[in-house]
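Please read the points below alongside the structure.

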Amino acid sequence: VNVLPVPTLTSSANANTVCVGNSTVLTAGIGYKYYKWSTGQEGTNMRSISVSPTAKTTYTVEVTDASGCKGVNQITIDVTQIASPTISVLSGSTTVCAGEEVILQSSASNQYQWSTNVELAQISNQTVVVNPTSTSIYTVTTTNKAGCTSSQDITIVVTPLPTPKITGENNVCKGESLTLTATSDVDGATFLWSTDENTPTI
């Protein structure tokens with residue numbers, strides 16, 4: 001009388017749980033002559049297979065030993081996913097002048113990891129303060145207990161600071177008047193003089 005084999009069956013996934021889109025390797029016990037999986041894969045060298053379930057799935061392996069006796073075992077793989085975080089602007093705007101402060105906050109309730117252009121002291125905070133000097137993309141990645149990650153990014157558009165230029169005579173006799181004209185390297189710029197006048201020419 002031959003005892004029916006009961007193969008061990010393990011998964012490379014932690015706690016038999018994978019993140020959506022990830023794979024895990026299923027491995028049956030060693031020493032059997034033939035392996036037949038519920039996925040349709042089978043063969044003498046088919047001890048291990050890779051699977052990528054999109055939902056909770058039970059996998060079965062049937063083994064045949066040297067005596068021709070068959071045994072079966074199964075394993076259930078859970079699938080978990082994490083919602084994509086959102087990034088909101090608490091202070092400032094998505095379009096700012098160079099060097100202006102912007103406060104960003106992630107909606108995620110798990111672990112945070114901001115992109116490297118965020119100051120190191122803030123990189124794992126839910127809320128970060130940034131002062132971009134050029135248009136920048138900020139990314140936050142959140143991780144749940146199963147190790148699944150999800151990311152979101154936001155672009156802060158930076159408008160360069162205008163550079164004003166004043167032309168006109170800078171030497172006059174006492175009592176004489178002169179005309180000063182302001183220009184800028186930015187189209188549509190407005191002007192405010194120290195005399196409180198707001199026209200390009202005074």
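**Nonpolar cores and overall architecture**

The largest nonpolar core contains 16 residues, and those making the most contacts inside it are Leu104, Trp114, Val130, Tyr138 and Ile156. At least two residues of this core come from each of E11, strand E12 (111-114), E13, E14 and strand E15 (149-159). The largest contribution to this core is that of E15, with 3 residues. A second, separate core has 14 residues, including Leu9, Leu26, Val51 and Ile75. The model is a predicted one.

**Chain as a whole**

- The secondary structure of the chain consists of 17 strands and 0 helices.
- For 202 residues the globule rule gives 17 Å, whereas the radius of gyration of the chain is 33 Å, well over that value, so the chain is more spread out than a compact globule.
- The C-alpha trace spans about 125 × 30 × 25 Å along its principal axes.
- Buried residues make up 29% of the 202 residues of the chain.
- When contacts between residues at least 6 apart in sequence are considered, 46% of them join residues at least 24 apart.

**Three-stranded sheet**

- Three strands form an open sheet in the order E9-E11-E13, and their pairing is antiparallel.
- Strand E9 (87-91) and strand E13 (127-130) are the edge strands, each of which pairs on one side only.
- From one strand to the next, the twist averages 30°.
- The antiparallel pairing of strand E11 (residues 102-106) with E13 extends over 4 bridges.
- Opposite isoleucine 103 stands valine 129, a residue of E13.

**Tryptophan 114 and valine 140**

- Tryptophan 114 is among the residues with the most contacts inside the largest nonpolar core.
- Beyond its neighbours within four places in sequence, tryptophan 114 is in contact with Ile87, Leu104, Gln105, Ser106, Gln122, Ile123, Asn125, Gln126, Val128, Tyr138, Thr139 and Val140.
- Valine 140 belongs to strand E14 (residues 136-143).
- Because its relative accessible area is 1%, under the 20% cut-off, valine 140 counts as buried.
- With neighbours within four places in sequence again left aside, the contacts of valine 140 are Pro85, Ile87, Ser106, Tyr112, Gln113, Trp114, Ser150, Ser151 and Gln152.
- Alanine 15 lies 125 residues from valine 140 along the chain, and the C-alpha atoms of the two residues are separated by 27 Å.

**Cysteines and the disulfide**

- The structure holds 1 disulfide, which joins cysteine 19 to cysteine 148 with an S to S distance of 2.0 Å.
- This pair links distant parts of the chain, 129 residues apart: cysteine 19 is in strand E2 (residues 17-19), and cysteine 148 is in the loop between E14 and E15.
- The torsion about the S-S bond of cysteine 19 and cysteine 148 is about -100°, and the disulfide is therefore left-handed.
- Cysteine 19 and cysteine 148 are both buried.
- Cysteine 97 has a relative accessibility of 33% and so counts as partly exposed, a class that lies between the cut-offs of 20% and 50%.

How values were computed:
Residues are numbered from 1 along each chain as its sequence is written. This is a predicted model: local features need pLDDT of at least 70, side-chain atom pairs count only at pLDDT 80 or more; totals for chains, interfaces and linings use all residues. Side-chain values use heavy atoms; hydrogens and water are left out. Two strands pair if DSSP finds at least two bridges between them. Axes are lines fitted to C-alpha atoms, for helices over the stretch in contact, and angles run from 0 to 180 degrees between N-to-C directions. Buried means under 20% relative accessible area, exposed over 50%, partly exposed in between (1.4 Å probe, protein chains only). Contact means heavy atoms within 4.5 Å. A nonpolar core is a set of buried Ala, Val, Leu, Ile, Met, Phe, Trp, Tyr and Cys residues joined through side-chain atoms within 4.5 Å. A disulfide is a pair of cysteine sulfur atoms within 2.5 Å. The radius of gyration is taken over C-alpha atoms; the globule rule is 2.2 Å times the number of residues to the power 0.38.
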